[in-house]
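Biologist: Let us go through this model together. Could you take my questions in turn?

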Amino acid sequence: MNLLYLVFGDAVRNHFQAQFSILSFLRHRAGLSGITVVTDAPDFYRHLTDHVTVLPVDAATLREWKGEFDFFWRVKIKALEYVAGRSPGQAILYLDTDTFLHGSFAALQQALAVGTAFMHEPEGALSVLGSKTEKLMWRQTGGQTFGGVKLHERHAMWNAGVVGIPAVGGPAAIALALAICDDLSRQGVTPRLIEQFALSVALQEQFELRAARPYIGHYWSNKDEWNDAISLFLLESSLKARTVDEEVAALADFNFRAVPVKKMLKNTRWRLVHLVDRLFPPRETVYAGDEPAT
């Protein structure tokens with residue numbers, strides 16, 4: 001199995017999320033044939049040099065991968081295509097940085113080996129989803145053909161934070177996803193969820209598609225709390241100068257259930273928080289060097 005991560009920009013939190021996710025899989029390194037990190041910030045992965053292949057992406061490659069319609073998240077499908085081409089005969093597991101392995105690696109690996117595909121979890125048939133974007137997408141796509149696939153009411157949208165593609169039939173599924181994605185762009189479909197839906201449809205068409213949630217945590221809705229927990233773990237690693245092997249060993253004592261992976265808060269709460277911040281600003285703010293002389 002090949003792991004694939006895409007990490008762009010210099011926001012440190014995204015890179016330490018990726019490192020933590022990689023460490024969670026390195027507990028089962030014997031079952032991994034490779035880990036590829038596609039990034040424009042390769043320096044963040046020096047610590048993992050012996051365990052990952054870093055693919056630095058320059059501006060020219062990024063332009064090519066975004067394609068004729070300049071759609072950024074087409075890059076995800078192109079990266080899958082790249083890894084499939086470099087490692088024929090291997091299953092691929094794409095992971096957002098805000099993920100970690102918590103379930104049975106062996107069961108996940110076996111399911112991929114027998115031709116089961118994975119995405120994080122189903123969000124529902126596009127025809128019945130309720131957000132403005134999803135309603136608009138269905139009006140734009142329902143009953144029409146994209147990449148040779150006629151979209152019907154049972155085609156579901158799946159969360160694309162995890163994308164597991166079996167080895168047998170994998171390249172064809174990736175090519176189908178790319179064709180669907182390009183046709184959606186070509187016909188001017190609202191772009192926000194295009195690559196997600198293209199992958200969802202392609203994997204539903206080519207394989208049995210199952211949820212990866214029993215195996216992989218995806219904390220997209222609770223990043224602040226997980227960032228705090230991961231920061232403490234990696235800070236301790238830095239202070240103790242742990243090797244990668246020592247970090248992997250330390251994860252045996254990490255409580256993956258201490259922080260919820262899903263925590264949905266109402267928008268009203270955030271509006272009240274911002275209102276309180278405006279009504280009650282800090283009583284005093286002093287920066288280093290601004291203290292009065294004594």
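Biologist: Is Asp70 buried or exposed?

Modeller: Asp70 is exposed, because its relative accessible area is 54%; buried means under 20%, exposed over 50% and partly exposed in between, with a 1.4 Å probe and protein chains only. This is a predicted model, in which local features need pLDDT of at least 70 and side-chain atom pairs count only at pLDDT 80 or more, while totals for chains, interfaces and linings use all residues. Residues are numbered from 1 along each chain as its sequence is written, and side-chain values use heavy atoms, with hydrogens and water left out.

Biologist: Which residue forms a salt bridge with Asp70?

Modeller: Lys66 does, with the closest N and O atoms 3.3 Å apart. A salt bridge is a side-chain nitrogen of Lys or Arg within 4 Å of a carboxyl oxygen of Asp or Glu. Lys66 counts as buried, because its relative accessibility is 17%.

Biologist: How many salt bridges are there by this rule?

Modeller: The count comes to 13. In one of them, Lys263 meets Glu225 at 2.5 Å between the closest N and O atoms. That pair links distant parts of the chain, 38 residues apart.

Biologist: Which residues do salt bridges with shared partners join into one network?

Modeller: Glu68, Asp183 and Arg186 are joined in this way. Within that group, Arg186 and Glu68 meet at 3.3 Å, N to O.

Biologist: Changing topic, what share of the residues is buried overall?

Modeller: Of the 294 residues, 47% count as buried.

Notes
Helix = DSSP H or I, 4+ residues; strand = E, 2+ residues; numbered from the N terminus.
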